[in-house]
Each structure stands twice: as C-alpha cells, then as structure tokens.
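Me: I have a model open and would like to learn how to read its features one at a time. Could you walk me through them?

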Amino acid sequence: MRGDVKIFKAAKNLWVPAQKLIPVEEKDIVKTGKLSYCQLLLDDGSCFKLDADSQLNLEELKIDKKNNKKIQTYDLKLDFGVLLSVFNKKNDQSAKFKIRTPVAVMSIRGTDFAVTVKVMIQK
C-alpha cells in the first residue's frame with residue numbers, strides 16, 4: 001500500500017488507518033486517497049489492487065467446505081474509483097466472484113479484469 005488508505009471496520013463501526021498485512025473482513029470498506037493505492041490478497045492467492053481515490057465494500061467474503069472442497073464466495077461493491085484484479089489460475093471452478101458498481105453487476109470466473117467507476121457531479 002501507499003499513501004492515505006483507510007479501512008472502515010464494520011465490527012467496530014470505526015475508520016482506521018490501514019497497515020501492512022492488516023486483515024479485512026466481511027462488511028469492511030477500504031478507501032484510498034489521492035496518489036494512494038492498496039492491494040488486497042485473498043486466501044486463494046488472488047489479488048485486487050484498489051487504485052487512488054477509490055472505495056471498495058467487502059460485502060461477502062466466505063470460504064465454505066462441502067464434500068472436502070473449498071467453495072469461495074466473494075461479493076464486492078466498487079462505489080467509485082479503479083479496481084484491478086489478478087486471479088489465481090489454480091482457483092477451483094466453483095469459486096464465485098461478483099463485482100457490483102452503481103450501474104452494473106459482473107460475475108467473474110477466473111480471469112483478470114479492471115473496473116472503473118467515475119462519479120458524475122451534476123450542477
């Protein structure tokens with residue numbers, strides 16, 4: 001990470017400055033300031049990069065076990081900014097990644113991607 005990165009810890013209802021290797025949890029929010037960025041590393045080895053002036057809601061982060069297989073479910077909401085992702089190619093095909101924006105919903109299956117959400121201010 002670099003610069004001004006904050007995490008809203010939902011369990012504590014409190015914004016805290018991000019620190020290297022700080023764990024994030026379901027319902028937390030990650031926000032980056034100007035000239036800032038951070039990377040989020042998932043348990044499966046996939047990585048998200050949240051670019052400057054961005055806000056990402058971690059709606060659902062789950063790993064369940066069924067029949068000795070891990071079932072991963074990730075539901076993220078990008079309110080504004082840029083999100084880049086590099087997926088672990090060894091991911092089980094049962095993994096479910098959903099990215100929501102104010103105008104679209106994407107389901108991702110083991111591919112790298114980038115999403116940009118610009119906030120339009122009307123006068």
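Me: Let me begin with Lys-31. Which strand does Lys-31 lie in?

Reply: Strands here are DSSP runs of E with at least two residues, helices are runs of H or I with at least four, and both are numbered from the N terminus. Lys-31 lies in strand S3. Keep in mind that this is a predicted model, where local features need pLDDT of at least 70, side-chain atom pairs count only at pLDDT 80 or more, and totals for chains, interfaces and linings use all residues. Residues are numbered from 1 along each chain as its sequence is written, and side-chain values use heavy atoms, with hydrogens and water left out.

Me: Is Lys-31 buried, exposed or partly exposed?

Reply: The general idea is a relative accessible area, computed with a 1.4 Å probe on protein chains only: under 20% is buried, over 50% is exposed, and partly exposed is in between. Lys-31 has 35% relative accessibility, so it counts as partly exposed.

Me: What does Lys-31 touch, not counting residues up to four places away in sequence?

Reply: A contact means heavy atoms within 4.5 Å. With residues up to four places away in sequence not counted, Lys-31 touches Asp-4, Val-5, Lys-6, Trp-15, Ser-54, Gln-55 and Phe-80. Take Val-5: it is 26 residues from Lys-31 along the chain, yet their C-alpha atoms are separated by 5.8 Å.

Me: How do I read such contacts for the protein as a whole?

Reply: Look at the separation in sequence. Among contacts between residues at least 6 apart in sequence, 44% join residues at least 24 apart.

Me: How many helices and strands does the protein have?

Reply: There are 0 helices and 10 strands, giving the pattern β-β-β-β-β-β-β-β-β-β along the sequence.

Me: Now for another lysine. Where is Lys-98 found?

Reply: Lys-98 is in strand S8, residues 96-100. Its relative accessible area is 34%, so Lys-98 is partly exposed. Setting aside residues up to four places away in sequence, Lys-98 touches Tyr-74, Asp-75, Leu-76, Val-105 and Met-106. Its C-alpha lies 8.3 Å from that of Lys-77, which is 21 residues away in sequence.

Me: And Ser-85: is it buried or exposed?

Reply: Ser-85, in strand S7, is buried, because its relative accessible area is 4%. Beyond residues up to four places away in sequence, Ser-85 touches Cys-47, Phe-48, Asp-112 and Phe-113.

Me: Which backbone angles deserve a look?

Reply: Leu-21 has one, about 65°, in the loop between strand S2 (14-17) and S3. Leu-21 counts as exposed, at 82% relative accessibility. Asp-53 is also not a glycine and has a positive phi of about 50°; its place is the loop between S5 and S6. With a relative accessible area of 37%, Asp-53 is partly exposed.

Me: What is the volume of the largest pocket?

Reply: First, the method: on a 1 Å grid over the protein atoms alone, a pocket is an open set of points with protein on both sides within 12 Å along at least five of seven lines, whereas a cavity is a set where a 1.4 Å probe fits but cannot get out; lining residues have an atom within 4 Å of a point. Points are joined across faces, edges and corners, and the volume is the space filled by probe spheres set on them. The largest pocket comes to about 630 Å³.

Me: Which residues lie nearest its centre?

Reply: Of the 26 lining residues, Ile-22, Val-24, Gln-39, Leu-40 and Leu-41 lie nearest the centre of the largest pocket. Strands S1 (5-9), S4 (38-41), S5 (47-50), S6 (54-66) and S7 (69-86) each give two or more residues to the lining.

Me: And Gln-39 itself?

Reply: Gln-39 is in strand S4 and is exposed, with a relative accessible area of 52%.
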